[in-house]
Amino acid sequence: MFLPVTPLALLLSVATPPPASPASSEQVPAGAQAPTAPEGGASGIAAPEAHTAHGLGAGAATSRDHGPGAGASTSKDHGPGAGASTPEPGAASPPPTSAADAPSPQAAPTNEEVQVPRRIDSVVVPYPEAEQAARREGEVVLRLTLDETGVVTDSEVVRSAGPAFDEAVRTASLSFRFEPARVRGEPVACQIELVHTFQLDAPPQQPVASPEAPTEEPAATPEATATAPEEKKLETTVSGRSDAEKQRQSAEAVKVVSVQRARARSVDMGQVLAAQEGVEVRRTGGLGSSASFTLNGLTDDQVRFFLDGVPLDLSGFPFGIANVPVNLVDSLQLYRGVVPIRYGADALGGAVNLTSTPLEVGAHGAVSLQGGAFGTFRLTLGGGYKPAPTGFYARAHFFADTTKNNYAIDVEAADDRGNLRPVTIKRFHDGYSALGGGVEVGFTELSWADRVVLRAFGSRNDKELQHNMVMAAPYGEATYDADSLGAQLLYAKTLSPAVRLDALAGYAWQATRLVDVAEWGYDWFGNRTFPRQLPGEIGGGAIDQTVWQQTAYSRVNLGWDVAPSHTLRLALAPTVTTRTGEERRRASPSDLDSLAPRRTQLTFVTGLEYQVDLLDDALEVIVFGKDYVYQGRARQPLAVGGWQDKDKRLHQLGGGASMRLRLGTPLYLKASYERATRLPRADEVFGNGVLVLENLDLEPEHSHNLNLSLSTVPLRTRAGSFRGEVNGFARFADNLILLTGRDRDWSYQNVYGARILGVELSAGWTSPGGLFSVDANATAQDPRNASSQGTFGDFDGRRLPNRPWLFANATARMSLRGLALAEDELSPFWSTRYVHGFFRNWEGLGAVSTKDNLDAQFVQAAGVGYRVRRGELTVGLTAELENLTDAKVFDYYGVERPGRAGWLKGTLEY
């Protein structure tokens, strides 16, 4: 498996002369008497001498700014160097512009095309009186986030010198103003690190009497004479790609989520996703269990998953997004029902894209190890080498997970007399293990390519099966496993100043095996209780099958800047999937093996998109169209023996539009619509050769998806930083595919339509100085059956069963810096999730008192993390307790999730 880098980040380093220092009391004429009580030090890019500011991915720098007299200060400005950035809650590093995730891949701008941010205010940072009286000095490192207008939208203390020093410079920095950074004339957001040194003046030099020629005038002190600043250069690094906030404020219906904080916690990717508004992740157990993902009411395969723009299951993670290691991911993007054409996806309900951690210049690596309850251990390793900003680079990663999942559950078991009684037991056959890794080698800025990258990956996972769908029958031997291998080749080239091309070609091989040959029945205590008449626990006979799947895929994106602020894009995405298999436990050796015939599925998604920015970027509009081609070929066994060829061809059209309108600082409005289509996947068409039969007559699913949202950029006030969003959504879906049947006769069918209306809200606050932060969100949705005929015709207009319709999340965190060391941080945190109760079956059937239902659930977690940075090395340790109250948790009726659990996780980055 491979988590690729961000080779198109367009990070540049340019040099310009330093800006002039603003006139202030810091300019002292020669021979003037230095004041004994200073007005304060100076900081910012507009220092009278040299400053170096590094944007995303830059290196080190120095500057010197001498103020007058006692309490003078030294300031340095650094960009967020390697690994230095710690985003505010909800912030994230920008997603990489990969072969399928690049709205407008461009060649790296030249020095002449980049304008660095320049400070234009004259704000003075006061020297705290108490610290000056005590003659204490200190150095504070701030990370300033500048928006496209040069306003400081966030100021975070990266290294503390104590509360008084921190608050003095951080408060003053919120009033700093900059001429914004620009790339090709367009203003861009950026970050800089500012090092402000509070330094007292040196004691005055005593006059030295000369025996030959005594003098009565003292020698001048250094403060009494102003020296001309040295002629140095201002260096800065600016990112030419969109950062997370810029993507949030685009016309795309996207939510960008940072996982930086989650990487220090014990949570997995399923828990990170479930903490977002509009998202449900329902699981049948602990780590490694099957998971159902829902986004704004549409679920599972109706939502597509990607890793840096490449389908997740074709990137070495065939076991689902919920089990992807968090420490291999930098951020994620949730696309709400309207998916950009660059993904080449037939997504009905939206998409999720995981963004890997960017690779920085030099040698870097990271290790995380987590251990705790239920015999669980998780290890991730990653490292890379990039000797220069351009040219060769390489990176690799590895992960390994193992767990027994032997948590306690409440079940009914037979006593010595055969009577059922409630007991609490530990799961005994629910183990899970997974391991995998990937390597990447690439070159940038070649004569024939802006970027060329080769990746290879592999993974394996093994899972024991503990029980049936409602936790009523225990299993003692059934298992399944999956192996995955693959490779990818990426290429990007700027064909002309206005035309850009990037392409991806890949191959993935997967083998999945299911073994269910038990000849004994088991009880909940793990004991064999009776011999089976027919082997197999799942039902209907023994199963020992392997399914092999090979997939070849490509993504081509072409962008053309038709005119300033007008861009036309074309995306092509063909995918060919071939599947064969073997059943080794057929009822009779002469029976046909339904898995053996070769089955092929071809999908080809084409997209055309036009984007225009109007009214000085106040209005952004995207209009797009999509074309879907599907072809399936299979062989179906006949009842009289032999095979029947069966083909299926489909052609569908879709499209939509999205818009973003700035209403004035800090509000902006978004609206989006797509007529979405999802083509049947291979499992639905071909079945699994055991309980699920093939159905080549399946038709695509369709949905009209609408979103309307009102959001605010981070709003800075004296009371702290505020952020928020409210989004209304509607989904009108038809021809939805559902697994139906009984016993051993199951198949996927187009059976119903649905109407889903909902609203989701999110809000957050960070206190002045970043000491406290609180984030919360809530989702209310009303999923209704819209089928007046067919299987669910009698329930037209009724709420869909077995689906949560009201849920909320909240997180609180404290950040205490500089407690024991200058660059340490102690972070206590707390989080919670509430899910309102819901019925398992149709709400109109039977009396409420007799219905199966899942009660309301309120689950909490808390912990504390400690992190310290010493030079290039950062070490962290987090202790966490999940499900504090040991509440009974059920995502599905009758299937109990883990109770209270303790975890310890250590991380190391260099």
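Predicted model: local features only at pLDDT ≥ 70, side-chain atom pairs only at ≥ 80, totals over all residues.
Biologist: Why is Arg-159 called buried?

Modeller: Buried means under 20% relative accessible area. Arg-159 has 18%, so Arg-159 is buried.

Biologist: And what makes Arg-159 and Glu-139 a salt bridge?

Modeller: The cut-off is 4 Å between a side-chain nitrogen of Lys or Arg and a carboxyl oxygen of Asp or Glu. For Arg-159 and Glu-139 the N to O distance is 2.4 Å, so the pair qualifies. Arg-159 lies in strand E6 (residues 152–159) and Glu-139 in strand E5 (residues 138–146), so the bridge ties together parts that are 20 residues apart in sequence. Glu-139 has a relative accessible area of 28%, between the limits of 20% and 50%, and is therefore partly exposed.

Biologist: How do you know that Asp-544 forms a salt bridge with Arg-513?

Modeller: Their closest N and O atoms are 3.1 Å apart, which is within 4 Å, so this is a salt bridge. Asp-544 sits in strand E31 (residues 543–563) and Arg-513 in strand E28 (residues 499–516), 31 residues apart. Asp-544, at 12% relative accessible area, is buried, while Arg-513, at 32%, counts as partly exposed.

Biologist: Why does the pair Arg-681 and Glu-684 count as a salt bridge at 3.8 Å?

Modeller: The N to O distance of 3.8 Å is within the 4 Å limit, so the pair counts. Arg-681 is buried at 19% relative accessibility, and Glu-684 is buried at 3%. The structure holds 51 salt bridges. Arg-143, Glu-156, Arg-261, Arg-817, Glu-825 and Arg-867 are linked in a network of them.

Biologist: How do you know that Glu-882 has no salt bridge?

Modeller: The nearest side chain of opposite charge, Arg-265, is 5.8 Å away. A salt bridge needs a distance within 4 Å, so Glu-882 has none, although Glu-882 is buried. Glu-882 is found in strand E47 (residues 873–882). Beyond its neighbours within four places in sequence, its contacts include Ser-266, Gln-271, Arg-900 and Trp-903.

Biologist: Why are strands E23 and E24 called paired?

Modeller: Pairing takes at least two bridges. Seven bridges join E23 (residues 408–414) to E24 (residues 420–426), so the strands pair, and they run antiparallel. Val-411 stands opposite Val-423 in E24. The hairpin has five residues between the strands, and Gly-418 takes a positive phi near 90 degrees.

Biologist: What makes E13 and E15 edge strands?

Modeller: E13, E14 and E15 form an open sheet in that order, with antiparallel pairing. E13 (279–283) and E15 (298–299) each pair on one side only, which is what the term edge strand describes here. Two bridges join E14 (residues 291–295) to E15, with Thr-294 partnering Thr-299.

Definitions and conventions
Residues numbered from 1 in each chain as written. Heavy atoms only, no water. Helix = DSSP H or I, 4+ residues; strand = E, 2+ residues; numbered from the N terminus. Buried < 20%, exposed > 50% of the residue type's maximum accessible area, 1.4 Å probe, protein only. Lys, Arg positive; Asp, Glu negative; His and termini not counted. Contact = heavy atoms within 4.5 Å.
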